[in-house]
Amino acid sequence: MRVAVFGTKPYDRQFLAAANRAFSHDLVFLEARLDATTAILANGFPAVCVFVNDIVDAGVLAHLAAGGTRLVALRCAGFNDVDVGAAQRVGIAVVRVPAYSPYAVAEYTIGLLLALDRNIPRAWARVRENNFALDGLLGRNLHGRTAGVVGTGRIGSLVARILKVGFGCEVLAADPAIDPALDAIGVRYVSAGELIAGSDIITLHCPLAPGTRHMIDAAAIASARSGVMIVNTSRGALIDTKALIDGLKSHRIAGVALDVYEQEADLFYADLSNEIIEDDVFQRLLTFPNVIVTGHQAFLTEEALTAIAKTTLTSIAAFEHRTSLGDRVVEPPRFVA
Ligand code: NAD
């Protein structure tokens, strides 16, 4: 199938091209992100492939449908940026990669937590300057502290297990669906409010949805333990960044590690080192010594990229097969497992 692959980086091309040897799709790699201004590039392509920060709203979907696109393949799990209802109305099917090495994100989450708690990036920056002083690098053991895991799906359940079994934390969890395997090892399910009020560490692993947007807001931060550390590798808009900054300024929050940011689409995945960044909220966030930010890279392992490429190309092939058998194209968007 002819596929316009938007927002590609060298690593995307490497792993998609390798996986495509088993499929022979006609992949056209585009550097541009998909949005209203670039949707025209998809004209004539029956399938487009996009990533986390591409814009797949109603306007873009209408444009894609008019240009003959029948499938949007997300090479990620989260689909909060896709207007699923609009896709259904214009007869575009949607597939995603619901699971690709949750270990990649879970391990990265723990890496961020340790880096934050033990000041590893600051220590390394000092040593490179031949500054071997330890003042300001004091950390705290994870062992014995209470960690709250919001969302215990594929990724959150691994994080909860690592914290409980690996580090000996007390682990609280909040999720409408209780994982009995976590319950069995002593992870205690509580309400989101109880988790926020009772945790030394809060780590977010639930999807972004209308009900979870800004779940960490001023009220949540006011109810949190003084000295709480917050880690977010899920989606940026789970946190109200301005409230987070206020919490850091008031010292209620002892540290923040983020791999995602609510306005990241304007920043992440591009080299902006020669640019003036206009996002003052983001720039303020970077001024705190107790904040670590990375550019949405928790997924970036060989195993995850291999799985993403394989699942994406398999979903495209399945769609092509079905439509070649004469299935009606106008059907509800589907998420292929
Ligand atoms: P998942 O669907 O397996 O798990 C999500 C869990 O959140 C489910 O158990 C669900 O019941 C729970 N949940 C839903 N609403 C909730 C709420 N209001 N409060 C608490 N829990 C709630 O998803 P996953 O594969 O574990 O991924 C989790 C998130 O991680 C994704 O939504 C995605 O946004 C993010 N992610 C980030 C990266 C990255 O590179 N940083 C990579 C992959 C996924």
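These legends describe close-up views of the ligand and of a cavity in a predicted model. Residues are numbered from 1 along each chain as its sequence is written, and side-chain values use heavy atoms, with hydrogens and water left out. Local features need pLDDT of at least 70 and side-chain atom pairs count only at pLDDT 80 or more, whereas totals for chains, interfaces and linings use all residues.

**View 1. The shell around the ligand.** Of the 22 residues around the ligand (a heavy atom within 4 Å), Tyr100, Arg154, Ile155, Asp175 and Thr233 come nearest. By class the shell has ten nonpolar, eight polar and four charged residues, where Ala, Val, Leu, Ile, Met, Phe, Trp, Tyr, Cys and Pro count as nonpolar, Asp, Glu, Lys and Arg as charged, and the others, Gly among them, as polar.

View 2. Among the pairs of N or O atoms within 3.5 Å, a polar backbone atom of Arg154 is 2.9 Å from an oxygen atom of the ligand, and a polar side-chain atom of Arg235 lies 3.2 Å from a ligand oxygen. The protein buries 81% of the 870 Å² that the ligand exposes when taken alone (Shrake-Rupley method, 1.4 Å probe).

**View 3. The lining of the largest cavity.** Asp12, Phe15, Leu16, Phe51, Arg75, Leu305, Ile308 and Ala309 line the largest cavity, a cavity being a set of points on a 1 Å grid over the protein atoms alone where a 1.4 Å probe fits but cannot get out, and lining residues having an atom within 4 Å of a point. This lining has six nonpolar, no polar and two charged residues.

Notes. Polar contact = N/O pair within 3.5 Å; in protein donor to acceptor, adjacent residues only side chain to side chain. 1 Å grid on protein atoms, 1.4 Å probe; cavity = no way out; pocket = protein on both sides within 12 Å on 5 of 7 lines; lining within 4 Å.
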